[in-house]
Amino acid sequence: MDWQPMADKVGAEVRGVDLATINGEDLYALKQLVYDRGVVVLRDQSLSPEEHIALAERWGGIDINNYFPLQDEYPQIAIVRKAADQQTNIGGAWHTDHSYDQVPAMGSILVARTLPPSGGDTHFAHMGAAYDSLSDDLKAEIEGLQAFHTADHVYKADGIYAHTDIGKDLRGHDVKTGAFHPVVIRHPQTGRKLLYVNGSFTIHFVGKTREESLPLLQRLLDAALTADNQCKVVWRPGTVAIWDNRTTWHNAMNDYHGYAREMHRITLSGDALAA
Ligand SMILES: O=C(O)CCC(=O)C(=O)O
Ligand SMILES: [Fe+2]
């Protein structure tokens, strides 16, 4: 597969692949690249909704997100939209998707549909490189530790998004989530050690209260972003990005006020996680 790194430790831009037809060995190679580099960008694609769904099914199956609005005709496709007159965006802080599920989604296939004239990039950070960069003391401190994750505080009727101007667009206010995962996981396919906590959904370590957990959690969240484990996806018409939620965090920039941005997301099913 012909690809260029987006940054030294994270991301790959792939050329010469048509996502509408990719299959067999090429699809296998693309998957390995996503698992390893965390995010893969493909340009000049023209995926119809049907082709988007078919690709996700060939990949290994679809999870329906509980919260995002869904396309009427294609409920497998979630809509990540900010209208020109809205202020808040979806995913505008460093996070990984679906860590609040006990079998978290593997990742997403995000297709650009409407883009602002500039801005609206999505940043990614590699959690394998993040783990590698931790001090030996910190690695020893988190060895064997588990954490509790939930999304309830984000999406409930009086949660974080409810207080914003996109609250009315979201669903699932009554959904209850909760999951326990090791703080350091092994990637289910590559076996690489990855730091698996995030600032949006990780609440506390097992055996400790939220208050007791916060100092160590904050140290990990700070350490997870290093000078050299990040890259950014600059969207163009026809750009598709596929990312791995285990390997990376992401953060959608909210720097295009006054313009609409709409992305179509299919969430890919994942695996149970282990240390
Ligand atoms: O809009 C984006 O670029 C990504 C938003 C996000 O966090 C997501 O779709 O999971
Ligand atoms: Fe996200």
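A: Here is a walk through the pocket, the ligand and the cavities.

First, the ground rules: this is a predicted model, where local features need pLDDT of at least 70, side-chain atom pairs count only at pLDDT 80 or more, and totals for chains, interfaces and linings use all residues. Residues are numbered from 1 along each chain as its sequence is written, chains are lettered from A and ligands numbered from 1 in the order in which they are written, and side-chain values use heavy atoms, with hydrogens and water left out.

Let's start with the largest pocket, which holds about 410 Å³ of space. A pocket here is an open set of points on a 1 Å grid over the protein atoms alone, with protein on both sides within 12 Å along at least five of seven lines; the volume is the space filled by probe spheres set on the points, which are joined across faces, edges and corners. Its lining (residues with an atom within 4 Å of a point) runs to 28 residues, with Ile90, Gly91, Gly92, His95 and Tyr161 nearest the centre. Helix α5 (152-155) and strands β15 (248-252) and β16 (261-268) each give at least two lining residues; these elements are DSSP runs numbered from the N terminus, helices being H or I with at least four residues and strands E with at least two. By class, that lining has 13 nonpolar, twelve polar and three charged residues. Ala, Val, Leu, Ile, Met, Phe, Trp, Tyr, Cys and Pro count as nonpolar, Asp, Glu, Lys and Arg as charged, and the others, Gly among them, as polar.

The shell around ligand 1 (a heavy atom within 4 Å) includes Val80, Asp97, Leu110, Trp243 and Arg261, and β15 and β16 each supply at least two of the shell residues. As for polar contacts (N or O pairs within 3.5 Å), ligand 1 has an oxygen 2.6 Å from a side-chain N or O of Thr122, one 3.1 Å from such an atom of His250, and one 2.6 Å from a polar side-chain atom of Arg265. On its own, ligand 1 has 290 Å² of accessible area, and the protein covers 99% of that (Shrake-Rupley, 1.4 Å probe).

The largest cavity has about 60 Å³, and Pro69, Ile79, Arg81, Ile90, Ile166, Asp169 and Leu170 line it. The second largest cavity has about 40 Å³, and strand β5 (residues 78-82) gives the largest share of its lining, three residues.

Note on methods:
On a 1 Å grid over the protein atoms alone, a cavity is a set of points where a 1.4 Å probe fits but cannot get out, and a pocket is an open set with protein on both sides within 12 Å along at least five of seven lines; lining residues have an atom within 4 Å of a point. A polar contact is a pair of N or O atoms within 3.5 Å; within protein, one must be able to donate a hydrogen and the other to accept it, and residues adjacent in sequence count only if both atoms are side-chain atoms.
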